[in-house]
Amino acid sequence: MNPSRKLPPGLDDFACQLADAAGEKILPYFRSNLVIDLKPDETPVTAADREAEVTMRQIINQYYPNHGIFGEEYGLENSDSEFLWVLDPIDGTRAFVAGKPIFGTLIALLQDGIPIIGIIDQPFLKERWIGISGTNTTLNGNPVSTRDCPAISDAILNATSPDMFDDISGTRFQALSNMCQSTQYGGDCYGYALLASGFIDLVVESDLKPYDFCALIPVIEGAGGRICDWDGEVLNLQSSGHIIAAGNPDLADAVSDILSVKS
């Protein structure tokens, strides 16, 4: 678990301002006749992704020009700053273009590499999970918490898609899935939000990038859960992208014993 930090005043409200601005760019494109482009890694991108990130970058540069920014669509700038905003304008672009309201805008603020603010924003459903270091996670202003599930056999497991795993990681994931009460697919960042609200017990995924997971850290930890890599290590910007999120922190260790790439 990351150590808690005292949040500089005003940055939580500013993060919400970024989420509001992103949602205003995204919603007019949702369930519309979108033009879908493919990036070099064969993942989809739309004008909504690009415009939302550009808008958030412009706002950050206007009010906090010394802060760094790392976004999915436009990369890294001012990387040596104490504060770094990590942005995923639409996490779940495939769901977005399919008209499914399970995508989300992810906004994280890191201080010296440690996430101190995390937001999962679902603008269509008007749901916003906010995690702030050292405080309780909220959904639309109301505290949320993970549920206690100490046994893998009782756990509801979620992953966005079985296609995210390679042969080795897929075999390990299937072994875990066979031990769980049930396994659900789909959801992208929304699965982690549901874990923070106590509806899912485990989210296990692979091949995530920092803009996919940095915002999740304060949200999960502030709701009483734990998020780490498959070896049980604290996540950072250099992490492999193999992610375990568990509502019960002790459950993460049991899952790591099954999934660990060191085993």
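1. In this predicted model, strand 3 (residues 68-71) and strand 5 (residues 83-91) run parallel and are joined by four bridges. Within this pairing, Phe70 has Val86 of strand 5 as its bridge partner. In general, the strands of a sheet pair through backbone hydrogen bonds, in either a parallel or an antiparallel manner.

2. The two strands belong to an open sheet of eight strands, whose order is 4-3-5-6-7-8-9-10 and whose pairing is mixed. Strand 4 (75-77) and strand 10 (142-143) are the edge strands, each of them pairing on one side only. The chain as a whole has eight helices and 15 strands.

3. On overall dimensions, the radius of gyration of the chain is 17 Å, which agrees with the value near 18 Å that a compact globule of 263 residues would have. Taken along the principal axes, the box filled by the C-alpha atoms is roughly 50 × 45 × 35 Å. Of the 263 residues in the chain, 56% are buried, and where contacts between residues at least 6 apart in sequence are considered, 64% of them join residues at least 24 apart.

4. The accessible surface of the chain amounts to about 11300 Å², with carbon and sulfur atoms contributing 50% of that area. As for charge, there are 16 positive and 37 negative side chains, and the centres of these two sets are 3 Å apart.

5. Helix 5 (residues 189-196) deserves a separate remark, since seven of its eight residues are buried and the helix is therefore mostly covered under the cut-off of 20% relative accessible area. The buried residues are Cys189, Tyr190, Gly191, Tyr192, Ala193, Leu195 and Ala196. Gly198, which follows helix 5, has a positive phi near 90°.

6. Thr137 sits in the loop between strand 8 (127-132) and strand 9 (138-139), and its relative accessible area of 0% places Thr137 among the buried residues. Leaving aside residues up to four places away in sequence, Thr137 touches Ile130, Gly131, Asn142, Pro143, Val144, Pro218, Val219, Gly222 and Ala223. Asn142 and Pro143, both among these partners, fall in the edge strand 10 (142-143).

7. Most residues other than glycine have a negative phi. Glu42, in the loop between strand 1 (37-38) and strand 2 (44-45), has a positive phi of about 70° although it is not a glycine. Asn140, in the loop between strand 9 and strand 10, likewise has a positive phi, near 50°, and is a residue other than glycine.

8. How exposed are Glu42 and Asn140? Glu42, with a relative accessibility of 53%, counts as exposed because the cut-off for that class is over 50%. Asn140, with a relative accessible area of 45%, is partly exposed.

9. Gln238 is found in the loop between strand 14 (226-229) and strand 15 (243-246), and its relative accessible area of 67% makes Gln238 an exposed residue. Gln238 and Lys209, separated by 29 residues in sequence, are 9.1 Å apart in space from C-alpha to C-alpha.

Notes: Residues are numbered from 1 along each chain as its sequence is written. This is a predicted model: local features need pLDDT of at least 70, side-chain atom pairs count only at pLDDT 80 or more; totals for chains, interfaces and linings use all residues. Side-chain values use heavy atoms; hydrogens and water are left out. The radius of gyration is taken over C-alpha atoms; the globule rule is 2.2 Å times the number of residues to the power 0.38. Buried means under 20% relative accessible area, exposed over 50%, partly exposed in between (1.4 Å probe, protein chains only). Contact means heavy atoms within 4.5 Å. Accessible areas come from the Shrake-Rupley method with a 1.4 Å probe; for residues, only the protein chains shown count as cover. Lys and Arg count as positive and Asp and Glu as negative; His and the chain ends are not counted. The place of a charge is taken as NZ of Lys, CZ of Arg, CG of Asp or CD of Glu. Two strands pair if DSSP finds at least two bridges between them.
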